[in-house]
Amino acid sequence: MDYDMLVIGSGPSGRRAAVQSAKLGKSVLVVDRGRRLGGVSVHTGTIPSKTLRETVLNLSGWRERGFYGRGYRVKQDISVSDLVERLHKTLDHEVEVLQHQFMRNAVKSSRATAKFLGPNKVSLTSDNGDYSEVGFANALIAVGTRPHRPRDVPFDKTRVFDSDEMLELDRLPRTLTVIGAGVIGVEYATIFSALDVPVTLVEPRNTILDFVDREIVDDFIHQMRDRGMTIRLGSTVKEITSKPDYAEVTLADGRTIRSEIVLYAAGRSGNLGSLGLDVVGIESDSRGRIKVDPATFQTSVPNIYATGDVIGFPSLASTSMEQGRVAACHAFGVLLPPPPETFPYGIYAVPEISTVGQSEEQVRESGAAYEVGVARFRETSRGHIMGVNSGFLKLLFSVETRRLLGAHIVGEGATELIHIGQAVINLGGTVDFFVNNTFNYPTLAEAYKIAGLDAWNRMGKG
């Protein structure tokens, strides 16, 4: 059978493209080789790690420790089964919602491995060996990524794990070493630290999270160290050894780190292995990423698109969804206005980090005159009520136009609060918006008013 749109992968970008194509009255087939629909995002990535984080924060009483001290816990002995129970409920619900969405929009799905036979045909092979061929007018590659697994790292799911395997722990480790301080590494490191597991975070570079405003990162690192995490920046790993009772990490400078388990979280690679891209002439880089037109998401073959993590940065579920929608609309000739230049980036560590627009470093490089407004959450009444004693909001304004250029948050609720800054930036709002408007009281969002006044006091009425 032929389809108007064939989608390979059912993660955020794949499912959004599938539903958008169906809404345009097109016939759609989604192919996924996973056990269930949802892709990496639902089963090993976004949803599991964020569910794990929420469960840890609730059961550990982390959010209440500002009041009751660092020794406070809601549940004294937290086990892996406590964490997994909520995880399975959440994943079941996500899959159920996705299946219903496909059913409502007449999107067909197939559990199989897809391989290109040409620019308009793929073969589908199911787990039990059933083989079929399907034609398509347009195809979307949305296969996502998997953890990068170098050959010299002894992954064994006993002492050395990748980020997917961390969801299969049979008990909480007494000590943990995390190699790689990217988004995934810092999220898992801080989640286990919130469970009072001693964590060592190792990163070969001298800096972390380079796309985030430096002041925010500096505060984040301070908070991690303040609660007892060991952070080794500029430390290259020479060797990882799995021993019967512990794992040992040897650094290039000769130091060794022993811990019960090691999480290796240094990068991810595209899931391109079985797609047969060479048949259609689509190339990928050394990490299995496909190059696309950034406006349309077309590959070098015009009727074959690629979206989501497999095309690289920013590798966010939120941007991937929008990429899928844009690709589907382009495939069927629906013209869309250009998207806003700014989108929020959320890091679900403990504490959260979220950022939108330009960092102070970027504004400084541009040469434009700017002013900064800062509000610490402990300055807000809501912060007092919640026992929040750390975290802050930072706003950057143009002196010439008074417009908001960037908003950066580290602390409780950062990923929710950032959308106020996003709206103001994309609507061309100025410092006066924050000064003249009334915010609900008491809220953490009131920090926008405080930060706005902080900058306004130095900028004047303009």
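Q: Which residue takes a positive phi in the hairpin of β13 and β14?
A: Glycine 254 takes a positive phi near 95° in that hairpin, which has four residues between its strands. This is a predicted model, in which local features need pLDDT of at least 70 and side-chain atom pairs count only at pLDDT 80 or more, while totals for chains, interfaces and linings use all residues. Residues are numbered from 1 along each chain as its sequence is written, and side-chain values use heavy atoms, with hydrogens and water left out.

Q: How many bridges join β13 to β14?
A: Four bridges join β13 (residues 247–251) to β14 (residues 256–259), and the two run antiparallel, with threonine 250 standing opposite threonine 256. Strands here are DSSP runs of E with at least two residues, helices are runs of H or I with at least four, and both are numbered from the N terminus; two strands pair if DSSP finds at least two bridges between them.

Q: Switching topic, why is β10 largely enclosed by the rest of the structure?
A: Five of the five residues of β10 (residues 199–203) are buried, so the strand is largely enclosed. Val199, Leu201 and Glu203 point one way and Thr200 and Val202 the other, and all are buried.

Q: Which strands does β10 pair with?
A: β9 (residues 176–179) is joined to β10 by four bridges, running parallel, and isoleucine 179 has valine 202 as its bridge partner. The chain crosses from β9 through α6 (residues 183–194) to β10 in a right-handed β-α-β crossover, meaning that, with the strands pointing away from the viewer, the path from the first strand over the helix to the second runs clockwise. β10 also pairs with β11 (residues 230–233) in the parallel sense over four bridges, where the bridge partner of valine 202 is arginine 232.

Q: Where does the chain cross between β10 and β11?
A: The chain passes through helix α7 (residues 214–226), and this β-α-β crossover is right-handed.

Notes
Buried means under 20% relative accessible area, exposed over 50%, partly exposed in between (1.4 Å probe, protein chains only).
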